[in-house]
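Let's walk through this fold together, one question at a time. Keep the picture open while you read.

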Amino acid sequence: METIHLTYPETPDLVPSVMVLGFFDGVHTGHQAVIRHAQAQAEQLDVPVTVITFDPHPKQVLSNKPDAVRYITPLQRKLNRIAALGVERCIVITFTKELASLSPQQFVDDYLIDAGAVHVTAGFDYSYGKFGEGTMETLPYHARGRFTTSVVAEQTSGGEKVSSTRIRQLLGAGDVDVASELLGTPYVICGEVIHGDARGRTIGYPTANVVMDASYVMPRLGVYATRVRLQDGRTFDAMTNVGRRPTFYATGDVSIESHLFDFSEDLYGQLIEIEWMHYLRDERAFDGLDSLIAQLKQDETAARAILS
């Protein structure tokens, strides 16, 4: 996939295409429906598809809070997911306050009409321009007769709208199973393995201590059945704890520790990916090592059964 990065006032080159608009955090099944619709339009018109997306999230810029949004898919993973859907071209526009100040008409003129849009589509709730005053209802007017438009209706699952917000809420509640259904793939985070206190090794459960990119959504504290993908592409079943290790610390920072089954190699310094498959239990303090080890054995049995 050709990827073009622009910062206002830079504008795209003119390439006739069907353009699909959205932030696409997670590239969930609702986003996929929008992109498939664009691909069907492009096939009829015999032009490529261009996805127009943004980075960082508008809320992060307009709220002036660096942690206003936690991402389901940080930029590179989002681009990888979009490319995997067969999109030919993606324009990533750096979201700034200057870009946000453009009128809806100016945004359409600069980034759609002058960029060669022959058809533009987005989800029913997409907005553009200053204060989000441009909507899919106003887009035909702002098109000035230069391109046609279509709107993709709300996508639902379990009677509720499929949305990035809903997926973030599910992850925060530990419901990674339903979150994965809405994403169309397991939720994944990536992080570097660092040295920890090595306590797990002394009790027969060595762990990879992972520094998570702060831009990701943190799943609910607790123990999960997971899969871990290494840099060399190998994947191992695992169980992963997200928490403060209350058995050993009265207070502490949240850490992510994965115990890979049937694995004994050194992972320090590697970037690994964790796929979150199922929530097993809450994190809790134990009255000693024997009770902790007994629980870990139960967790391993449960995780292996789920992942088999």
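Q: In this predicted model, which residue of strand 4 is the bridge partner of Phe54?
A: Start with the two strands: strand 3 covers residues 49–55 and strand 4 covers residues 89–94, and they pair in the parallel sense over 6 bridges. Look along strand 4 for the partner of Phe54, and you land on Ile93.

Q: What is the order of the strands in the open sheet?
A: The sheet has 6 strands, and the pairing is parallel. Strand 1 (2–7) and strand 8 (148–152) each pair on one side only, so to speak the two edges. From strand to strand the twist averages 25 degrees. Put together, the order reads 1-4-3-2-5-8.

Q: What angle does the direction of helix 3 make with that of strand 3?
A: Helix 3 (residues 75–84) packs on the sheet and touches strand 1, strand 3 and strand 4. Compared with the direction of strand 3, that of helix 3 makes about 165 degrees.

Q: Why do the buried residues of helix 10 line one face?
A: The buried ones are Leu292, Gln295, Leu296, Asp299, Glu300, Ala303 and Leu307. Residues three or four places apart point the same way, because an α-helix has 3.6 residues a turn. Seen down the axis of helix 10, the buried residues line one face because they fall within an arc of 150 degrees.

Q: Which exposed residues does the face of helix 10 turned away from its buried side carry?
A: The buried residues have cover that includes strand 13 (222–229), strand 14 (235–243) and strand 16 (271–281). Turn to the face pointing away from the buried side, and you find the exposed Asp290, Gln298, Thr301 and Ala305.

How values were computed
Residues are numbered from 1 along each chain as its sequence is written. This is a predicted model: local features need pLDDT of at least 70, side-chain atom pairs count only at pLDDT 80 or more; totals for chains, interfaces and linings use all residues. Side-chain values use heavy atoms; hydrogens and water are left out. Two strands pair if DSSP finds at least two bridges between them. Helices (H or I, at least four residues) and strands (E, at least two) are DSSP runs, numbered from the N terminus. Axes are lines fitted to C-alpha atoms, for helices over the stretch in contact, and angles run from 0 to 180 degrees between N-to-C directions. Contact means heavy atoms within 4.5 Å. Buried means under 20% relative accessible area, exposed over 50%, partly exposed in between (1.4 Å probe, protein chains only). The arc is that of the directions from the helix axis to the C-beta atoms.
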